[in-house]
Amino acid sequence: MLLEEQRYIHEDLERLEQGIADRMRDEPKQIHERLNRDHEVSQLLDQIQHQSRELLPLYEDKSGVLSKEILQIGSGDPFEEFYKQVASIKEHHSRYPNEQAENSENWYRPRKQGDDQPFLVESMFSGEEAYGRFFDLHASHESYLNLPNVKRLPYMQYLEVFDNFQPGYGGVKRADKLTDQYFKYLGELMEYLESFIRRTRPLENLEKVFGGWDKEFDSAWEKDDIEGWRKEKPAAKGSATNRTLSSADAVWCEACEKEFKNENVYKNHLTGRKHIKAAEVLAVLHGDSVNGTTNGSAAPLAHRLKERAVAEREYRIKKLASAMKTERDDTRVNVERRQGMTERERQQELENLYNTTFRRQAKEAEDDEDDGGDDKIYNPLKLPLAWDGKPIPFWLYRLHGLGQEFPCEICGNFVYRGRRAFDKHFNETNHITNLKRLGITNTHLFRDITSIEEAVRLWNKIQSDSRKTNVDEGSIVQMEDAEGNVMPEKVYLDLQKQGLL
């Protein structure tokens with residue numbers, strides 16, 4: 001029955017929409033929960049598209065079967081048609097008596113707390129990626145180091161320049177980019193970045209974004225506006241002499257783009273393998289074959305098509321890196337942080353990430369809710385609570401000296417727990433502002449002073465001492481000896497007593 005099939009598909013579409021609405025109602029707090037929610041919604045959207053494609057031919061009814069069914073139901077006895085369908089259903093179940101009936105309402109419901117169903121994203125990311133927070137470009141970095149004529153950059157520096165393909169940064173010379181090894185390296189890097197953005201942004205229309213980037217590249221390539229891949233004009237014969245060389249005897253090699261100290265070094269260089277290969281590439285670029293005969297436009301065209309393929313991958317990598325700038329910056333910070341850790345600390349961090357038992361914690365939370373919230377946290381020592389709402393360990397409590405209380409009258413009799421928090425608050429804005437309200441401007445001299453009376457008394461003493469030391473120069477009596485030397489009266493009297501005047 002096509003009508004029953006139509007009804008079933010419409011019912012399934014409504015359940016799919018309800019499943020998406022149930023998942024989008026609440027915003028998850030953890031990144032793995034948000035990613036899992038987005039991937040589930042993406043799968044439901046794909047299922048909606050699939051069911052819609054199945055439903056469209058039924059409405060078109062090119063064979064006319066649907067019209068016959070509607071005519072048969074509307075024209076004949078409705079009860080007779082009804083009992084026919086009931087008989088067919090009974091016949092089906094008599095043939096398959098052990099067939100289990102599935103509850104379609106549970107197909108698209110979101111997972112409940114305590115379910116044993118694993119997250120979709122648990123197998124999508126490596127430990128280095130941390131559920132899409134960071135890049136894992138170690139494989140691409142090793143492939144980059146194996147390329148010929150590249151700078152051997154460490155992984156930290158490679159993260160900064162992997163999308164900068166200019167020579168001297170993260171790229172190689174234009175002639176070296178046309179090798180199969182470099183083309184394969186670009187392909188692997190591009191595939192990883194595309195896979196990463198698909199895994200972290202499942203709800204975005206990435207095909208539309210990639211199509212826009214392809215159009216931008218085609219337009220820029222036709223205008224010859226791709227940086228580093230503009231058409232090279234054949235160099236004139238005297239172009240080498242027009243370059244600024246370091247000395248008068250220096251010689252410039254146009255094929256290798258390199259300067260040599262004198263003519264003899266340049267001649268010895270001409271027989272080298274690198275120069276011969278660079279000369280062949282330059283000859284193909286200018287439309288001449290190696291043997292000196294003209295090969296028409298076939299060789300330059302093939303060479304330009306090869307350059308276009310390499311430039312297209314470089315352009316795509318630049319766009320992907322700019323679209324994921326936040327993840328790239330976070331990756332640099334994470335790599336720098338992990339470089340300061342020991343191997344044991346790195347392994348412990350990975351174990352903590354993998355051993356995060358989401359299902360067990362959710363089940364315990366559900367059990368606590370079922371108990372009605374009667375269970376209270378056992379905290380007889382009144383220990384401070386950690387980020388998870390539970391008391392911190394007692395050894396940590398003793399280590400930081402949190403049992404000691406330090407009141408500060410200047411801060412409104414606020415009590416600081418632990419020496420570390422107490423020493424830190426002297427540099428905070430609240431303490432410094434309260435000192436300035438008392439008329440104290442030089443606040444760094446009042447460390448460890450918490451009483452208002454002591455602070456005011458010390459400030460008055462500092463002010464009086466500063467007034468005593470600031471003697472007015474006009475009040476000093478100046479004396480002059482017989483030779484015309486001017487000096488203070490005290491010095492003059494001392495010299496006079498010694499008979500030196």
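The model is predicted.

Start with the charges. The structure holds 27 salt bridges. One of them joins Arg 37 to Asp 38, with the closest N and O atoms 2.8 Å apart. Where do Arg 37 and Asp 38 sit, buried or exposed? Both residues are buried. Another salt bridge brings together the side chains of Arg 198 and Glu 207, at 2.9 Å from N to O. Arg 198 is partly exposed, because its relative accessible area is 35%, and that value lies between the 20% and 50% limits.

A further salt bridge connects Lys 319 with Glu 216; here the closest N and O atoms are 3.4 Å apart. This pair links distant parts of the chain. Lys 319 belongs to helix α11, residues 298-323. Glu 216 belongs to helix α8, residues 206-222. Lys 319 counts as partly exposed, with a relative accessible area of 25%. Glu 216 is partly exposed too, at 39% relative accessibility.

Salt bridges also join up into a network. Its members are Glu 4, Arg 7, Glu 11 and Arg 15.

Now turn to the nonpolar surface. Met 24, Leu 45 and Leu 203 form a nonpolar patch there. Together they have about 240 Å² of accessible area. Met 24 lies in helix α1, which covers residues 2-24.

The aromatic side chains come next. A search of the whole structure gives 14 aromatic pairs. Tyr 158 and Phe 162 make one of these pairs, and the pair is tilted. Their ring centres are 6.1 Å apart, with 40° between the planes. Tyr 158 is buried, at 1% relative accessibility. Phe 162 is buried as well, with a relative accessible area of 1%. Phe 210 and Trp 213 also pair. Their ring centres lie 5.5 Å apart and their planes meet at 45°, so this pair is tilted. Both residues lie in helix α8, three residues apart, which is about one turn of the helix. Phe 210 and Trp 213 are both buried.

Together with Tyr 144, Tyr 182 and Tyr 185, they form one aromatic cluster.

Which arginines lie over aromatic faces? Arg 313 lies over the face of Phe 183, at 3.8 Å from the ring centre. Arg 316 lies over the face of Phe 210, at 5.0 Å from the ring centre. Phe 210 therefore takes part in two kinds of contact: the tilted pair with Trp 213 and the arginine over its face.

Finally, the cysteines. How many disulfides does the structure hold? It holds zero. Cys 408 is in no disulfide, and its nearest cysteine sulfur, that of Cys 411, is 3.6 Å away. A disulfide needs the two sulfur atoms within 2.5 Å. The sulfur of Cys 411 has its closest cysteine sulfur in Cys 408, and 3.6 Å is too far for a bond. Cys 408 is buried, at 0% relative accessibility. Cys 411 counts as buried because its relative accessibility is 11%, and buried means under 20%.

Note on methods: Residues numbered from 1 in each chain as written. Predicted model: local features only at pLDDT ≥ 70, side-chain atom pairs only at ≥ 80, totals over all residues. Heavy atoms only, no water. Salt bridge = Lys/Arg side-chain N within 4 Å of Asp/Glu carboxyl O. Buried < 20%, exposed > 50% of the residue type's maximum accessible area, 1.4 Å probe, protein only. Helix = DSSP H or I, 4+ residues; strand = E, 2+ residues; numbered from the N terminus. Patch = residues over 30% accessible without salt bridge, like charges linked within 9 Å, V, L, I, M, F, W, Y side chains within 5 Å. Areas by Shrake-Rupley, 256 points an atom, 1.4 Å probe, with all protein chains shown as cover. Phe/Tyr/Trp six-rings, centres within 6.5 Å; stacked < 30°, edge-to-face > 60°. Lys NZ or Arg CZ within 6 Å of the ring centre and 35° of its normal.
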